[in-house]
Amino acid sequence: EQKIPGGPKAHVITEDGVMFSQGDIYLRGDQRGRIAQVIVDGLIPEDGYYKIRVRGGVDLGARGEPISLTIVYNSGTPQESIVELPFSASIDDPGVVEATMFLPRGAEGQRRKIILLYNHLPEYIVTTDENNQLFRDTAGSVGKIQRARAAGQQAVVEKLQAFLDDAKARAKAWKGPMRQINPKYSDIEPPRFFLDWMEFEGPVREEWPPESHQLIFYDGDEIRDLKYARRVIEKFLPRAYRRPVTDEEIDRTVDLIAAEMTDGKSFYSAFRVGLARILTSPGFMFLQEPSAAGSRNLNDYELATRLSYFLWSTMPDSELFSHAEAGTLSRPEVLQGQVTRLLADPKAREFVENFAGQWLHVREFGSIMPAENLYKEYDEALEKASKEEAFAFFEVILREDLPITSFLDSDFAMVNERLARHYGIEGVEGDALRRVSLKPEHHRGGVFGMAGLMTLLADGTRTLPVRRAAWVVENLFNDPSPPPPPNAGEVQPNTEGENLTVRQRLELHRDEPTCASCHAALDPYGLALENYDAIGKWRTKQNGEGFRSNEAPDLVIEGELPGGQEFSSLEDFKAALLEEKDAFAYAFSERMLTYALGRPVGFSDRDTIQSFVSTLQSNDFKIQALIKAIVASEAFQTK
């Protein structure tokens with residue numbers, strides 16, 4: 001790594017076009033294609049989008065096609081930003097490429113840098129064999145010494161220490177190169193990138209002042225005194241705290257702004273300090289409600305906030321605030337009308353993604369990567385569509401006010417072309433998900449059979465009936481199975497020479513006395529879903545796990561649930577679950593009440609939840625009846 005005097009430069013241009021800082025570029029070369037880095041400590045004035053321009057030329061060498069130039073900001077940190085650019089300008093005719101990146105300013109004193117890389121031949125430059133051996137001798141000995149010392153093997157420690165001392169001496173005496181050209185590429189000329197300069201311009205904004213600035217400083221930018229600051233705070237603080245504020249609360253912020261201005265800061269710099277105080281205060285960051293010292297009804301502002309965060313995951317809008325100010329929100333007819341309005345608003349999508357995302361574990365869809373050699377048809381398009389399927393299905397139930405029993409079984413599904421092909425549904429084209437009617441031969445409906453969920457409840461190579469069963473009883477009936485005893489062991493996969501199905505191996509597992517009691521009640525819920533393979537595709541024969549397609553045995557879908565309902569197909573299983581719809585309604589109500597209150601529910605909430613079940617029963621189990629019952633409940637309106 002070196003800094004070339006008079007060599008390439010990097011500079012930053014402010015939004016008014018004035019260059020305010022520049023610095024030398026450190027040039028470097030290594031096996032990762034890193035060719036330059038710029039230390040930008042203090043050069044990024046604020047968080048924002050910046051235009052980054054790079055001028056240079058490339059000698060394509062034996063590669064023959066354009067290179068890809070990669071710009072990385074703060075690699076390996078939470079503020080990392082990456083952008084890739086194709087680059088084809090030659091050395092004889094250099095060119096400029098431009099990208100827009102979001103660059104966080106970071107904390108004071110934090111090291112910040114931008115790295116420039118390009119995709120040269122893979123492993124063109126590698127570490128030498130001598131260097132690798134010296135590294136193994138030294139680093140490896142250190143770990144061995146630590147383990148031997150921990151084991152009390154003093155003789156071994158002394159022997160290893162002597163070896164380490166010798167390795168250090170050899171490393172110190174060695175003058176050879178650390179890196180060399182990979183011998184298998186010795187006859188190939190790699191592409192080379194020649195850098196002229198880099199330039200950063202920003203922060204880049206579509207408009208100035210931005211909309212946020214105009215909303216805060218509603219009376220323009222000409223006035224810059226404390227009277228104006230007070231008027232702005234008087235308007236901003238009640239929205240930030242989502243309630244009326246006191247003169248004392250306003251005074252504290254205005255006094256802070258005044259003190260900053262007295263210390264020499266400009267009006268806007270001082271005002272930013274005041275805003276920072278508001279936006280880091282408990283009044284903004286938390287939903288402030290009565291303390292646990294005593295229980296009381298929420299006032300209308302607190303009720304508006306609780307309702308808005310329940311259904312929108314954000315602060316109340318002007319209509320909710322207007323009802324709160326007038327003291328009318330707590331009237332039952334007004335409150336119920338606001339629930340209907342909030343659910344019809346596009347912002348209710350936040351409720352869909354947050355509640356359904358937690359309840360159905362949608363956020364984890366895609367975390368299990370199926371084995372490519374076993375499930376070659378699984379691709380990114382299927383994974384993406386399967387995530388959106390769960391949200392779209394929940395959203396239809398919510399917006400059309402359908403029964404919550406639709407989650408157990410339904411006569412429709414939400415699919416696009418990719419999902420439809422996976423599910424064997426014909427006549428669907430395009431990427432957009434849409435509602436399609438299901439036929440018996442599609443074997444879908446409800447959450448069972450959703451590709452994302454079935455893939456999540458497998459391990460990428462095989463189905464896991466026990467995991468699927470545990471998910472069903474915990475998430476749909478809120479009856480989690482107890483953890484296995486310490487000596488229970490696991491269901492063993494087939495070993496060489498064996499040819500047992502999952503059902504047969506579970507039967508062997510249940511022969512263990514410590515396993516039988518739990519698995520007898522749990523396993524049927526998972527075995528009922530065996531028609532869905534490890535990526536949610538319908539099957540009638542055991543696939544995977546070493547079975548050849550022409551030798552795969554037929555799947556046996558039969559069992560008996562703890563309530564005594566017997567089933568011999570997936571359809572029978574769904575029908576058996578629908579017989580337990582009251583238990584499902586209780587569990588679903590408990591999950592939604594927990595979400596609405598932001599706290600766990602307990603024994604004292606049992607009668608409240610049972611009242612929700614009664615409401616569902618008398619309203620054909622429609623989901624909006626449950627939501628309105630929750631909002632009308634004492635638990636929701638008191639603290």
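Rings of Phe, Tyr and Trp (its six-membered ring) pair if their centres lie within 6.5 Å; planes under 30 degrees apart count as stacked, over 60 as edge-to-face and the rest as tilted. By this criterion, 31 aromatic pairs were found in the whole structure. In one of them, the rings of phenylalanine 217 and tyrosine 228 have centres 6.2 Å apart and planes at 50°, so the pair is tilted. Phenylalanine 217 lies in the loop between helix H3 (211-216) and helix H4 (226-241), and tyrosine 228 in helix H4, so the pair ties together parts that are 11 residues apart in sequence. Phenylalanine 217 is buried, at 7% relative accessible area. Tyrosine 228 is buried too, at 0%. Buried here means under 20% relative accessible area, exposed over 50%, and partly exposed in between (1.4 Å probe, protein chains only).

The model is predicted: local features need pLDDT of at least 70, side-chain atom pairs count only at pLDDT 80 or more, and totals for chains, interfaces and linings use all residues. Residues are numbered from 1 along each chain as its sequence is written, and side-chain values use heavy atoms, with hydrogens and water left out.

The chain has 22 helices and 17 strands. These are DSSP runs numbered from the N terminus (helices H or I, at least four residues; strands E, at least two). Of its 639 residues, 44% count as buried. Contacts (heavy atoms within 4.5 Å) were also counted. Among those between residues at least 6 apart in sequence, 68% join residues at least 24 apart. The chain exposes about 33,000 Å², and carbon and sulfur atoms supply 50% of this area. Areas come from the Shrake-Rupley method with a 1.4 Å probe; for residues, only the protein chains shown count as cover.

The structure holds 26 salt bridges (a side-chain nitrogen of Lys or Arg within 4 Å of a carboxyl oxygen of Asp or Glu). Arginine 53 pairs with glutamate 201, with the closest N and O atoms 2.5 Å apart. Arginine 53 lies in strand E6 (residues 48-59) and glutamate 201 in strand E13 (residues 192-201), so this bridge ties together parts that are 148 residues apart in sequence. Arginine 53 is buried at 14%, whereas glutamate 201 is partly exposed at 24%.

A further bridge joins lysine 537 and glutamate 377 (3.6 Å, N to O). Lysine 537 lies in the loop between helix H17 (513-527) and strand E16 (559-560), and glutamate 377 in the loop between helix H11 (349-359) and helix H12 (380-399), so the pair ties together parts that are 160 residues apart in sequence. Both residues are partly exposed: lysine 537 at 27%, glutamate 377 at 37%. Arg349, Glu353, Glu388, Glu395 and Arg399 are linked in a salt-bridge network.

Threonine 638 follows helix H22 (634-637). Its relative accessibility is 15%, so threonine 638 counts as buried. A polar atom of its side chain lies 2.6 Å from the backbone oxygen of glutamate 634. Leaving aside residues up to four places away in sequence, threonine 638 touches Ser295, Arg296, Asn297, Leu298 and Arg306. Arginine 296 in turn forms a salt bridge with glutamate 302 (3.0 Å, N to O). Arginine 296 is partly exposed at 38%; glutamate 302 is buried at 12%.

Technical notes:
Polar contact = N/O pair within 3.5 Å; in protein donor to acceptor, adjacent residues only side chain to side chain.
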